[in-house]
Each structure stands twice: as structure tokens, then as C-alpha cells.
Amino acid sequence: MRIDILTIFPGMFSAVLGESIIKRAAAKKRVRIILHDLRDFTADKHRKVDDRPFGGGSGMVMNAEPIFNAVSHIISKIKGKRPRVILLSPRGDKLTQRECKALAKRKHLILICGHYEGIDERVRTKLVDREISIGDYILTGGELPAMVLIDSVARLIPGVLGDEGSLRQESFEGGLLEYPQYTRPAVYKGMKVPPVLLSGDHGKIAEWRRHQSERITKKKRPELLKNQGGNKNG
């Protein structure tokens, strides 16, 4: 997979892209991530990428020109299918595990990181394929959401994780939150690991884990159980 990131703060990505799973994914050549500074694609001699909004109002709005120029530049350098262009925005659909799985099957993504009071609407209407939000709150810009999306998608690409089986046991797989996990020692400060996990009976362990997942989901995210029921019936 190739991921191009359009941002005015490329330096923000260095720590995230150079560590952990994303670093390993790049080393294995499963993911290629390319940063583009939007200031390199503006015709303004001062490298400005924003201006005052028409109609007045507070703050500044990102210009359409550098974003269109950057996307055109990327597309001109590749062959094959047009990349999926995603805008990270609080107006977007909330990122879910299902969406991450769909994006992980793509060969090429372009991520646009908004900033200031927003971006020129013509970018949304003529350039963007999908708007994605990571939650119902406001951040300074789209860089952090882009990092979240990259991390959540990259780990789903075959060959990235050392243990592919672990993906099937994580939260939101099967519509449930993950069951409790324990490791050695079996007793710590008087707190004991549930005996069933020490029994060696894999059937009972699987039953216990399923029950715990349902219990935790019902308590913390009951709407997931409703969605799960709807999916079964649909």
C-alpha cells in the first residue's frame, strides 16, 4: 500500500512513522508513506496556503489551489487506478474497524490534513472521495487523525503483524469489546488469575472469553450489541 499525506506540518509525523508497527510495515515494504508539504504546491511567493474567508468571519481558510496541485502531482506520477482521496475532518464519518478493513484493501490512499478554520469547500466537492473523523471533538488539525488512521489501517495489511491470529481476538472483531487478559504471575498482590484460564480446557476458556466480551460490551458499549443483532438479522 502507498499512502501520500498532504500537510503543512510534515515534521509532526516523524515520531509516529519511525516507530513500532508502522516502521516495521515500511521496513517490510508493505506500506510506503510519502509526506508532502502543501507549501511546496502554492504559487504564492510567501508560500501561503490560507486566506481570509469570503463573507467575513474569524480565522483563516486553507486555499484550494495547493491541495489540487498536490493531488494532481501525485496522480501524474503513478500508473493505474486513481487513489482514494480522504479528507480528515470533524464533518466526516466516524472511523470504525469496518472502515479500516476496507481501507486496508486499497492500494493507494491520499490523506488531506485540514487546518485553521477549515478548507475551501471546492476541495470537498470536486476532489475528496471520503471524509473521515476520529471522534466528536475538535483538534487543531488533521495530522493527528491521519496518524490514527494510518496506524489502524497499516496493522491490518497482511504480513505487517507477527501474529496474524491476534487480529481476530481484538476489540470490535465480531462486534464485541475484547475480553480481559492476564499473564504471569498467576497471583500478584493477592489478585488471582481466573482459574478457568489455568485449566488448559480450551473449550471452557473460549466460552469464558465470549461471556466476558459480552458482559463488558453490554456495560460499556451496549449499542454494539444492538448493531450485532441487527447484522445477524440482516
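1. A word on terms before the helices: an axis here is a line fitted to C-alpha atoms, for helices over the stretch in contact, and angles run from 0 to 180 degrees between N-to-C directions. Keep in mind that this is a predicted model.

2. Have a look at how helix α4 (residues 97-104) sits against helix α6 (residues 143-154): their axes come within 8 Å and cross at roughly 70 degrees. Angles of 65 to 115 degrees count as roughly perpendicular, so α4 is roughly perpendicular to α6.

3. Who does the touching? On the α4 side the contact is made by Cys-100, Leu-103 and Ala-104, and on the α6 side by Leu-149, Ser-152 and Val-153. By class, that contact has 5 nonpolar residues, 1 polar and no charged.

4. Glu-99 is in helix α4 and Arg-130 in strand β7, 31 residues apart, so the pair links distant parts of the chain. The count for the model comes to 12 salt bridges.

5. Strand β7 (130-133) turns up again in the second largest pocket, where β7 and β5 (84-94) each supply at least two residues of the lining. β5 gives the most, with 5 residues.

6. That second largest pocket has a volume of about 420 Å³. Its lining runs to 23 residues, with Leu-88, Ser-89, Pro-90, Leu-139 and Gly-141 lying nearest the centre. Sorted by class, the lining has 11 nonpolar, 9 polar and 3 charged residues.

Methods: Residues are numbered from 1 along each chain as its sequence is written. This is a predicted model: local features need pLDDT of at least 70, side-chain atom pairs count only at pLDDT 80 or more; totals for chains, interfaces and linings use all residues. Side-chain values use heavy atoms; hydrogens and water are left out. Helices (H or I, at least four residues) and strands (E, at least two) are DSSP runs, numbered from the N terminus. Angles under 35 degrees count as roughly parallel, over 145 as roughly antiparallel, 65 to 115 as roughly perpendicular and the rest as oblique. Contact means heavy atoms within 4.5 Å. Ala, Val, Leu, Ile, Met, Phe, Trp, Tyr, Cys and Pro count as nonpolar, Asp, Glu, Lys and Arg as charged, and the others, Gly among them, as polar. On a 1 Å grid over the protein atoms alone, a cavity is a set of points where a 1.4 Å probe fits but cannot get out, and a pocket is an open set with protein on both sides within 12 Å along at least five of seven lines; lining residues have an atom within 4 Å of a point. Grid points are joined across faces, edges and corners, and a volume is the space filled by probe spheres set on the points. A salt bridge is a side-chain nitrogen of Lys or Arg within 4 Å of a carboxyl oxygen of Asp or Glu.
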